[in-house]
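Here is a short briefing on one protein chain. Please look over the sequence and the model before reading on.

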Amino acid sequence: MNLGLRIFVVSALLVTVAAEVYIVTMDGDPIISYKGGENGFEATAVKSDERIDTSSELVTMYARHLERKHDMILGMLFEEGSYKKLYSYKHLINGFAAHVSPEQVMGKLGSGSQIRPSGMAQHQQRPTQSSLRPASSPR
């Protein structure tokens with residue numbers, strides 16, 4: 001299942017259940033670099049010397065669109081109530097942070113995904129597969 005996701009473990013939380021925070025980056029442009037092409041959404045990209053108007057209708061519509069996609073992916077992957085979406089990243093990257101257990105992630109994405117317990121530095125990117133990466137930890 002290629003959903004265009006790259007998942008990064010950020011930190012371990014919770015006391016009773018071993019769950020971690022994953023940052024998921026998705027295929028598709030964030031607001032700052034979106035040049036158009038998705039049906040119903042005009043370009044929001046700006047030149048490097050321009051500021052983006054985050055309150056404009058174009059930007060807010062595309063931001064809501066990205067958030068809906070994030071929620072849809074979470075809903076497809078995990079049972080309702082078994083995860084907590086912490087944040088949707090829309091402006092500089094397209095992705096989200098979610099609190100889920102490693103078992104949930106492995107159960108849904110399987111062994112085709114990569115988990116590198118020793119940190120991000122040893123991970124090799126595979127553009128056509130989802131990849132799971134834990135936050136790097138000091139040695």
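Lys90 is buried, with a relative accessible area of 13%. The model is predicted. Lys90 still takes part in a salt bridge, with Glu67 as its partner.

**Lys90 and its surroundings**
- The side chains of Lys90 and Glu67 come to 3.3 Å, N to O.
- Glu67 is partly exposed, at 29% relative accessible area.
- Lys90 also lies over the face of Tyr87, 5.8 Å from the ring centre.

**Overall fold**
- The chain has two helices and five strands.
- Their order along the sequence is β-β-α-β-β-α-β.
- Of the 139 residues in the chain, 36% are buried.
- Among contacts between residues at least 6 apart in sequence, 46% join residues at least 24 apart.
- The chain exposes about 8500 Å², and carbon and sulfur atoms supply 53% of that area.

**Salt bridges**
- The count comes to three salt bridges.
- Lys85 and Asp71 form one of them, at 2.6 Å from N to O.
- Lys85 is in strand β3 and Asp71 in helix α1, so this bridge ties together parts 14 residues apart in sequence.
- Both ends are partly exposed: Lys85 has a relative accessibility of 24%, and Asp71 has 38%.
- Glu38 and Lys69 form another, at 3.5 Å from N to O.
- Glu38 belongs to the loop between β2 (19–26) and α1 (57–77) and Lys69 to helix α1, so the two tie together parts 31 residues apart in sequence.
- Glu38 is partly exposed at 24% relative accessible area, and Lys69 is partly exposed at 26%.

- In soluble globular proteins, nonpolar side chains tend to be buried together.
- The largest nonpolar core here has 11 residues: Tyr22, Val24, Met26, Ile73, Leu74, Leu77, Phe78, Phe96, Ala98, Val100 and Val105.
- β2, α1 and β4 are the elements that give two or more residues to this core.
- Phe96 is one of its members.
- Beyond neighbours within four places in sequence, the contacts of Phe96 include Tyr22, Val24, Met26, Ile73 and Leu74.
- Phe96 also contacts Lys85 and Tyr87, as well as His70.
- Another core, of seven residues, lies apart from the largest one.
- Its residues include Ile31, Tyr34, Phe41 and Val59.

**Aromatic pairs**
- The structure holds four aromatic pairs.
- The ring centres of Tyr34 and Tyr62 are 4.0 Å apart and the planes meet at 10°, so this pair is stacked.
- Tyr34 and Tyr62 are buried.
- Phe41 and Tyr62 have ring centres 6.1 Å apart and planes at 65°, so this pair is edge-to-face.
- Phe41, in the loop between β2 and α1, is 21 residues from Tyr62 in helix α1, and the pair links distant parts of the chain.
- Phe41 is buried as well.
- Ring pairs link Tyr34, Phe41 and Tyr62 into a cluster.

Notes. Residues numbered from 1 in each chain as written. Predicted model: local features only at pLDDT ≥ 70, side-chain atom pairs only at ≥ 80, totals over all residues. Heavy atoms only, no water. Helix = DSSP H or I, 4+ residues; strand = E, 2+ residues; numbered from the N terminus. Buried < 20%, exposed > 50% of the residue type's maximum accessible area, 1.4 Å probe, protein only. Contact = heavy atoms within 4.5 Å. Areas by Shrake-Rupley, 256 points an atom, 1.4 Å probe, with all protein chains shown as cover. Salt bridge = Lys/Arg side-chain N within 4 Å of Asp/Glu carboxyl O. Core = buried A, V, L, I, M, F, W, Y, C linked by side-chain atoms within 4.5 Å. Phe/Tyr/Trp six-rings, centres within 6.5 Å; stacked < 30°, edge-to-face > 60°. Lys NZ or Arg CZ within 6 Å of the ring centre and 35° of its normal.
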